[in-house]
Amino acid sequence: MLGHLAGLVRVRVLRGVNLAIRDLRSSDPYVVIRMGKQKLKTRVIRKSINPEWNDELTLSVEDPLVLVKLDVLDRDTFFDDAMGNAELDIGPLVEVVKMRLHGVAVADKTVVKKLVPNRQNCLAEESAIYVSEGAVKQDVVLRLRNVECGEIELQLQWIDIPGRC
């Protein structure tokens with residue numbers, strides 16, 4: 001696996017906003033992130049429709065064309081309830097990383113690319129890809145699908161693997 005690894009992407013799951021109520025008056029949400037065969041989870045936040053996770057999850061990136069998939073679930077005793085899902089394309093983030101690897105100088109705190117919401121993505125608002133403290137980062141707000149309401153705020157950061165191009 002390491003022979004095909006392009007790099008790592010650190011996903012900081014910051015918060016949920018106006019998530020669906022799945023229990024009597026609230027929910028006990030957590031986020032599952034999948035990329036290919038990888039599956040990572042945040043911790044459960046009890047009794048909140050506006051949870052603050054600030055959890056960092058790190059995914060190995062072999063193929064940057066594979067979408068990152070998020071599911072938000074409500075923890076229950078027997079079966080966890082769905083609270084929506086979303087997908088995220090990390091291709092634009094990887095394009096900026098490749099640009100820097102090919103010698104394009106980018107000043108710190110520079111926005112390199114902006115993505116806008118459209119029918120082909122789950123973005124709730126414009127998403128900036130920028131350089132901060134030498135790292136390529138992206139701030140993302142995803143609108144959840146297959147649910148009545150809810151958004152998830154993330155920050156992505158690319159992590160280079162020494163010796164990789």
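A residue is termed buried when its relative accessible area is under 20%, exposed when over 50%, and partly exposed in between, with a 1.4 Å probe and protein chains only. The model is predicted, so that local features need pLDDT of at least 70 and side-chain atom pairs count only at pLDDT 80 or more, whereas totals for chains, interfaces and linings use all residues. Residues are numbered from 1 along each chain as its sequence is written, and side-chain values use heavy atoms, with hydrogens and water left out.

Asp-55 lies in strand S4 (residues 52–61); strands (E, at least two residues) and helices (H or I, at least four) are DSSP runs numbered from the N terminus. Asp-55 is buried because its relative accessibility is 14%. Beyond its neighbours within four places in sequence, Asp-55 contacts Val-11, Arg-12, Val-13, Thr-42 and Arg-43, a contact being heavy atoms within 4.5 Å.

Side chains of opposite charge can pair when their charged atoms come close. With a salt bridge defined as a side-chain nitrogen of Lys or Arg within 4 Å of a carboxyl oxygen of Asp or Glu, the count is 14. One of these joins Asp-71 to Arg-34, with the closest N and O atoms 2.8 Å apart. This pair links distant parts of the chain, 37 residues apart, with Asp-71 in strand S5 (residues 68–74) and Arg-34 in strand S2 (residues 29–35). Asp-71 is partly exposed at 23%, as is Arg-34 at 31%. In the salt bridge between Asp-80 and Arg-75, the closest N and O atoms are 3.2 Å apart. A network of salt bridges links Arg-10, Arg-12 and Glu-56.
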